[in-house]
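Let me put the model up on the screen, and then I'll walk you through it.

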Amino acid sequence: MSNPFEILETRLSSVESLLLDIKHKETALPETLLSKQEVVEFLGITMNTLSKHTKAGIIPAYGIGSRVMYKRSEVLQSLIRINK
């Protein structure tokens, strides 16, 4: 019969390896860009409110060609900043 601590160590090592793989895959995902309309729908605000928050620097925006886009992660971060 095997040592139970060796079995545990083997299983923990396997779990650790899986967690590292998951972490690596999460960081490798590309940033999701949202249009103005998508942000308005996501946050449940008006286009006018979005414009005010963008001008105030609360929600960063990026000009891509003639379009204005928002990074999903930054939109989520702005919710945290607004609610503090």
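I'll start with S35. Leaving aside its neighbours within four places in sequence, S35 is in contact with R67, V68, M69 and Y70, where contact means heavy atoms within 4.5 Å.

Some housekeeping before I go on. This is a predicted model, so to speak: local features need pLDDT of at least 70, side-chain atom pairs count only at pLDDT 80 or more, and totals for chains, interfaces and linings use all residues. Residues are numbered from 1 along each chain as its sequence is written, and side-chain values use heavy atoms, with hydrogens and water left out.

Now the overall layout. The protein chain has 4 helices and 3 strands, and along the sequence they come as α-β-α-α-β-β-α. Those are DSSP runs, numbered from the N terminus: helices are H or I with at least four residues, strands are E with at least two.

Back to S35, which sits in strand β1. Is S35 buried or exposed? It counts as buried, at 14% relative accessibility. The cut-offs, with a 1.4 Å probe and protein chains only: buried is under 20% relative accessible area, exposed is over 50%, and partly exposed is in between. The bridge partner of S35 in β3 is M69.

On one side of the pairing, β1 and β3 are joined by 3 bridges. Then β2 pairs with β3 (residues 67-71), also over 3 bridges.

What's in the largest nonpolar core? There are 7 residues: L34, V39, V40, L50, I59, Y70 and V75. A core here is a set of buried Ala, Val, Leu, Ile, Met, Phe, Trp, Tyr and Cys residues joined through side-chain atoms within 4.5 Å. Not counting residues up to four places away in sequence, L34 touches V39, V68, M69, Y70 and R72.

Last stop: S78, in helix α4 (residues 72-82). S78 is buried, with a relative accessible area of 1%, and its side chain reaches the backbone oxygen of V75 at 2.5 Å. Beyond four places in sequence, S78 is in contact with I58 and I59. I58 lies in the loop between α3 (47-55) and β2, and is partly exposed at 27% relative accessible area. From I58 to V75 it's 17 residues in sequence and 8.9 Å in space, C-alpha to C-alpha.

To zoom out, 12% of the chain's 84 residues count as buried.

Methods. Pairing = 2+ DSSP bridges. Polar contact = N/O pair within 3.5 Å; in protein donor to acceptor, adjacent residues only side chain to side chain.
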